[in-house]
Amino acid sequence: MDNFIFTIESVEKYLFHDERVHLNDTVYQRIRHCYDFLKSFATNRIIYGINTGFGPMAQWRVEDKHLEELQYNIIRSHATGAGRPLDDIYVKAAMVARVGTFAQARSGIHPSVVKMLVQMINADILPFIPQHGSVGASGDLVQLAHIALTMIGEGKVHYRGEWRPSAEILKENGIEPMKIHIREGLSAVNGTSVMTGISAVNQIYAERLLDWSVLAAVWMNEIAASFDDWMSEPLNACRRHTGQQLIAQRMRELSAGSRRLQKREHVLYKKEKCQQDVFEQKVQAYYSLRCTPQILGPIHDTLVAAHTLIDEELNSACDNPIIDPETENVYHGGNFHGDYISLEEDKVKIAIVRLAMLAERQLNYLFHDRINGILPPFLNMGTLGLNYGMQACQFTATSTTAECQTLAMPNYVHSIPNNNDNQDIVSMGTNTALLCARVIENAYEVMGILMMALAQATDCLGIADELAPATRNIYNELRTICRTIVEDKPFYDDLANTIEYLKK
């Protein structure tokens, strides 16, 4: 079996391009082999969660006649989530992540469980999972229990836009409810799959957002008619960071063909002596324009590290205990602990807050006529005083960025002991991933306003024909979504449509 079955790229295809999940026969054979080994090995042995209680109750042996009931009990007793349901995209991603765990063939479950989960994913049968419930230590016990509950034919699912009883939908689709063989209940609720699924979605959206931020930075400098050496190879190559160099390279590619960017050697490095004492053109642009490789470079590197880690987690056995037919042993430990995801999502969250802050400052540059010196206040193309241009859009961008800054506080450090102190240090990984998701959504709102402002600034100056082909293409597409603003009008629909465009 390949080391990696799922990647963020494959998850993206399942979520956004209707590609079906498929596991080959070799994977199912390995799952069956692990199950057969456990069935033989468990005879007359004490193994956690098979013939003992769970968590602090592990010190109590469970009689053989109650072993099947034990597995149902953990599913039903742990379906205690609260709050509004997770969006379908997160639920589906979590289910894919769970398949990734089972595909490692270290859980000792019957292959029919994995086949059923794949069937549900491909049929878009999406369990009700409340947002609140996970402390991210035995993984996502509560939220995974809500998935498992629907797999045994209880609870409710979101199917074709409606909430309906799971049993009805399974029957309609010819899917048999999950049966208990040895430890299917514990294995179904144990692990990091919900936080990992949410993180995979976060990663997809965050990487798209960074691409937009890079393009916006080029467009900003075109509007300002900046000197182009801030993104030059010699300047950025002497700073040894990979991200900075790659961002600068991408900016050079995007700016190719622009007639707006200036060459310093053509203006300030002439052989003849300069006679000016005060320069109308800024010798150096504001930091939010010329320092973008240095600001976006660390964000790039953070996302690269997160991408690798999430790929690894998608293909990890995060169950407990771990069943290993190769060494013929069952290992008890803590692979379900969510620290890797929690810490990484905090890093991503902080990086995206920084991206939103950059977008807000760039927006301020465009709106502030005394700073940019070339544009009307608030990009107002109407009558000053009578009309207001994009003035009020800044309120939204500023308040949303402020919320992002509040959410930047690391959540990884907020461990609270629980479970009779059995779980005495926990990751809060799902909370962290959800906070990160909120920051990303906020950042798209700020970026949406910035992109609308860039198009408006282009119209104010009448420079669309001078833009680089890359930025001109985005300008053209935006102008099919939101029109030039002269007379005052509500912005909320145009903004919503712009955000939708950016997220595709």
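A salt bridge is taken here as a side-chain nitrogen of Lys or Arg within 4 Å of a carboxyl oxygen of Asp or Glu. The model is predicted, so that local features need pLDDT of at least 70 and side-chain atom pairs count only at pLDDT 80 or more, while totals for chains, interfaces and linings use all residues. Residues are numbered from 1 along each chain as its sequence is written, and side-chain values use heavy atoms, with hydrogens and water left out.

**View A. Salt bridge between glutamate 172 and arginine 164.** The side chains of these two residues meet at 2.3 Å, N to O. A search of the whole structure finds 23 salt bridges.

**View B. Salt bridge between glutamate 326 and arginine 106.** The closest N and O atoms of this pair are 3.4 Å apart. The pair links distant parts of the chain, 220 residues apart, with glutamate 326 in the loop between strand S6 (322-324) and strand S7 (329-331) and arginine 106 in the loop between helix H4 (88-102) and helix H5 (111-122); helices (H or I, at least four residues) and strands (E, at least two) are DSSP runs, numbered from the N terminus. Glutamate 326 is exposed at 62% relative accessibility, whereas arginine 106 is buried at 17% (buried, under 20% relative accessible area; exposed, over 50%; partly exposed in between; 1.4 Å probe, protein chains only). Salt bridges with shared partners join Arg106, Asp324 and Glu326 into one network.

View C. Asparagine 202 is buried, with a relative accessible area of 2%. Leaving aside neighbours within four places in sequence, asparagine 202 is in contact (heavy atoms within 4.5 Å) with Tyr90, Glu345, Ala433, Cys436, Ala437 and Ile440.
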